[in-house]
Every structure is written in structure tokens, then in C-alpha cells.
Amino acid sequence: MIDELTDYGIRREKLELIASLQRKLAGRIVERPLDVSRVEAVAAVDVSYRGNLARSAFVLCSFPGCEVLKTKVVKTEVGAPYIPTYFFLRETRPVLLATKGEDFDVLLVEGHGRAHPRGYGLASHVGLLLRKPTIGAAKRPLKGVSPDLWRKVGKAYVSVGNLVDLGSAVEIVGELLENGYPKPLKIADRLSKVRTHEKD
């Protein structure tokens, strides 16, 4: 029991190695101001689950008007369990499949970036892999994270993913709010859940 996380089926030693890797990769995240006036298209991605299937929804919107330009839903098998603060293990593959081949200026990810106990959440991991400006937006902050690493914009807790600074992230999200939450993420959330009650 000491060495085994039976709830998740992953050895504690492996999680410790992954945590160490997160801290190392956090050092590769680039925070820099983004010229928001040059942003024309903002994408968002969200993932829903049913059993061992994940449905990831991609939404592309104009900026700042937030006119929907494209939507896409991709279904795949779940490759990892949900483990608090190791969210990226479960969600990275569905997110990458949804964004594959798509072009956008900024990506909104339903999850945290820098506002993570190890400074490296899902939004940072995706941003590092895609080499695109990425912003994390979540419905609640994680415990033990400095409030200097996030800002509450409407109902969203916004943090740096990669290739953007917190001020630019706040400005972009602020332009996209609909009833307090970023409209592209709300659409992606709905699309990812459209068939959750249908037989896959």
C-alpha cells in the first residue's frame, strides 16, 4: 500500500517521476506579452468522458467578435485515469487529436496552466507541445497555488499556458465572456457532451 496507489493503478514511484518531469518542463514555459490586436482567431477545446471513451470538441471563433468559424468532435479511447494534479496524463491525447491540423492564433484549454502546484498543468503541456499561445481557463483554482499565478475573469480562473503572459491572457478571455465564462469553451463543452447519452 505504501508504494502503490491502488485507486489509480499507478505506482507511486512513477507518479513521483512524472511530477519531477512536470517541474522540469515548467522551466521551458515562455511567458511573454501577446499583441492582442493581431489575434484574429481563438480556438477552444474541451473533453468529456463516458466509460472508456473520450469525446474532445474543438471550436474556432473569430476574435474579438466570437463568431463560430468551425467545430469538430473527435472520439478516442481513454488512455489514463483521472488523477488530481496529473490531469494532463488523461487529457493531452484527446486535446491533441482535436487540434490536429487546425490553425489558430490562441488556444483556450479547459484546465490550468501555470496555476498548478508544480507550475505545469494541462494548458502548459499542450502549449509546449503545440508551440502555440495557450491559455488555461478553469472553473475553480487548485489548492496550494499562489493567487499571483491566476486571475479571476468573470467566472473563469485564467492562467498562462505558454507563449503568453497573464495580462494578455486576461485581456483575451475578457473579450470572450458570455454569462461570465469564455464563449468558445462553453460551446466546446456542449459539443463534447452532445452524444454522451447515446450508444457509442
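**Exercise 1. Which element gives the largest share of the lining of the largest pocket?**

Step 1. A pocket is an open set of points on a 1 Å grid over the protein atoms alone, where a 1.4 Å probe fits, with protein on both sides within 12 Å along at least five of seven lines. Lining residues have an atom within 4 Å of a point. Strands (E, at least two residues) and helices (H or I, at least four) are DSSP runs, numbered from the N terminus.

Step 2. Know the model. It is predicted: local features need pLDDT of at least 70, side-chain atom pairs count only at pLDDT 80 or more, and totals for chains, interfaces and linings use all residues. Residues are numbered from 1 along each chain as its sequence is written, and side-chain values use heavy atoms, without hydrogens and water.

Step 3. Take the lining. It holds 24 residues. Nearest the pocket centre lie Tyr82, Phe87, Glu110, Gly111 and Arg140. Two or more lining residues come from each of β3 (41-50), α2 (87-99), β7 (134-138) and α5 (183-193).

Step 4. Pick the element. β3 gives the largest share, four residues.

**Exercise 2. Is cysteine 66 buried or exposed?**

Step 1. Recall the cut-offs. Buried means under 20% relative accessible area, exposed over 50%, partly exposed in between (1.4 Å probe, protein chains only).

Step 2. Compare. Cysteine 66 has 6% relative accessibility, so it counts as buried. Cysteine 61, at 0%, is buried too.
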